[in-house]
Amino acid sequence: MPILSYLKALNRALASEMERDPAVCVFGEDIRVAVSNVTTGLVKKFGPERVVDMPISEQAFTSFATGAALAGQRPVIEFQIPSLLFLVFEQIANQAHKFSLMTGGQAKVPVTYLLPSSGSRVGWAGQHSDHPYSLFAHVGIKTVVPATPTDAYGLLVTAIRDDDPVIMFAPAGAVSRREDVDFGQLAPVPLGSGRVHRSGDDVTVVAVGHLVHEAIAVADELAGNISVEVFDPRSLYPFDWAGLTASLERTRRLVVIDDSNRTCGIGAEIIATMVEQMTLAAPPKRVTRPDGAVLPFARSLDLAVQPTRAQLRAAVEEVAK
Amino acid sequence: MSDAAALYRAVRLIRRFEERAIELVRSGVIVGGIHPYIGQEAIAVGFCAALRPGDLITSTHRGHGHVLAKGADPSRMLAELAGRSTGLNRGRGGSMHAADFSIGILGANAIVGAAGAIATGAAWAAQRAGQDKVVVTFFGDGAVSQGVLLETFNLASLWKIPVIFVCENNGFATTMRTEEAVAGSITGRAEAFGIPARTVDGMDPVTVLDAARAAVDLARSGGGPSFVECLTYRFDAHHTWEHAARPRYRTDEEVVAGSTRDPMEIQGSRLPADLRAGIDDEIEILLEEAVRFALESPEPDEHEALDYLYADGMRARAGVA
Ligand SMILES: Cc1ncc(C[n+]2csc(CCOP(=O)(O)OP(=O)(O)O)c2C)c(N)n1
């Protein structure tokens, strides 16, 4: 079977949606040259009117996309750095997100915000290493964090077709993933549908984004000893609460691994929601970044602040006791 | 040392520092790569030569030149790039955040256009405290498309703040040409806010120094902000990832043509050959020592990854409980 890389999956999803719907256009910095490899070949195929290189004016082009969306376009914005989301938080949280309700349903804002290489890229230091997906879930922007190439493809297609703003984080720790796939089988993935990568009976591990692969590794390491179910929500908002509940009804034990800062991270929400509705057999655990984390530059320090496989394994062992 | 020799020495130091740093990126000692300043040295050197030790600067992602020109110790700078605890920022900042407050370097900044407002606030505070300090803020042509910088022009001009805006127009923002990104003119932006602005040859250290002295005199004598656009060319990559990725946005011929006027040669040719050779030798020894110092310095302890997060030493909760 042919191999699909994560970045190629994003590229394919963009190309097929642009093919399918002439309203789909892409805005971003250095996207004609495709420095992030996401938009490779698109300008050649669709022209500079639909693959629009922007000056370094994120606040302007984010709301420019909102305006274009209100007027019938379906823009996708590629941001070079996750922290640029802090710069455009007003444009997304306070403008794009609020139009539908504030206009009494007159307006739709079908914009997709795409963050290739979110989270730590090791060595890019404090202002390039954030992973603020929980912030967007908190505000109520539809938020997806695909772990695999096929999910990246399927969720990007869905995001583009969705009539609301959707934000996609493509974690730096996942973008080097490749997968054997039958291209004919690539399909949209609905928002709010989780995926069980490994089934198990003893402990449910909810893992977000690139950390799904760490969770699978831990499940493999512990196989024969502790039976771990790996639940990948794929979309954090909306969240597949029914899917997770079904898993926990069997295992009754929960560990979450989440690359957010601890306070108010999505891990907290996942645990709170589950303990509100069921009694677990052991106190649940979270593995996250520390509170208020700023990633230090030195490699060993950067790695020390990110959630690790070893921490996850210890948490699973603790919860399984 | 004469002015001419001092200017040459500073340009040469930055040039050779960058060349050594690129080698260390290639050998894996510097993680995350760098944005080389090669070709633009005259600007940092000319402006910093016009400053007093107590004056302040802010810098950018392409910041090594500014930091060295303001007087940072090359050994501690290189140790910072190598992520060592002896680095200027104790290994926490790296290439894009190098700072030395003891000599007026308020830091390089990884967000385009972000530092201008910080510089202006610092200049306002100095003015308020009755000090006759001047602040220079360096930024690229890409930054003039950032709203925050334009907002800052307004404040600086309204309150006659002693800040000097130095735009290094090297022809590109990553892959985007200045003329594709900037409507009107760069200096016209500052002029619109009543800030005197001029464009100078950014390749000749003496020309830059003259322009810098005029701007500094104006600011120090209560005349308020001014703006200097320095025309220059980036000889090397936007970032060292280009050395491998080779994105095509300018031709090799164009790079050769753009690099014919070299600040190092322009200034070097003004010195007697033996004086120049002596300076070159001295710098080789200095950098040899800097590399040795960086390589022999210890890496920070990962248990201290979040030291310095809060001013009062408050400890953040860890990512696991
Ligand atoms: C606000 C913001 N947008 C995008 C980026 C990503 N980025 C880093 S450097 C750069 C180009 C900057 O160009 P310019 O200001 O001309 O400086 P130069 O790199 O040429 O020195 C971009 C787009 C960023 N760091 N900050």
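Tutor: A salt bridge is a side-chain nitrogen of Lys or Arg within 4 Å of a carboxyl oxygen of Asp or Glu. This is a predicted model, in which local features need pLDDT of at least 70 and side-chain atom pairs count only at pLDDT 80 or more, while totals for chains, interfaces and linings use all residues. Residues are numbered from 1 along each chain as its sequence is written, chains are lettered from A and ligands numbered from 1 in the order in which they are written, and side-chain values use heavy atoms, with hydrogens and water left out.

Student: How many salt bridges does the rule find across the interface of chain A and chain B?

Tutor: B:Arg317 forms a salt bridge with A:Asp291, with the closest N and O atoms 3.0 Å apart. Across the interface of chain A and chain B, the number found by the rule is two.

Student: What area do chain A and chain B bury between them?

Tutor: Buried area is the accessible area (1.4 Å probe) that two parts lose on being put together, summed over both. Of the area between chain A and chain B, 60% is on carbon and sulfur atoms. The total is about 3,300 Å².

Student: Which residues of chain A lose the most area to chain B?

Tutor: Three residues together account for 20% of what the side of chain A buries. They are A:Ile56, A:Trp124 and A:Phe297.

Student: How many residues of chain B are in contact with chain A?

Tutor: Contact means heavy atoms within 4.5 Å. Chain A contributes 40 residues. On the side of chain B the number is 44.

Student: Is B:Thr178 buried or exposed?

Tutor: Buried means under 20% relative accessible area, exposed over 50%, and partly exposed in between (1.4 Å probe, protein chains only). Leaving aside residues up to four places away in sequence, B:Thr178 touches B:Asp141, B:Asn169, B:Gly171, B:Phe172 and B:Ile186. Because its relative accessibility is 9%, B:Thr178 counts as buried.

Student: How many helices and strands are there in chain A?

Tutor: Helices (H or I, at least four residues) and strands (E, at least two) are DSSP runs, numbered from the N terminus. By this reading, chain A has 13 helices and 14 strands.

Student: What is the radius of gyration of chain A?

Tutor: The radius of gyration is taken over C-alpha atoms, and the globule rule is 2.2 Å times the number of residues to the power 0.38. For 321 residues the globule rule gives 20 Å, and the value for chain A is close to it, so chain A is as compact as a globular protein of that length. The radius of gyration of chain A is 19 Å.
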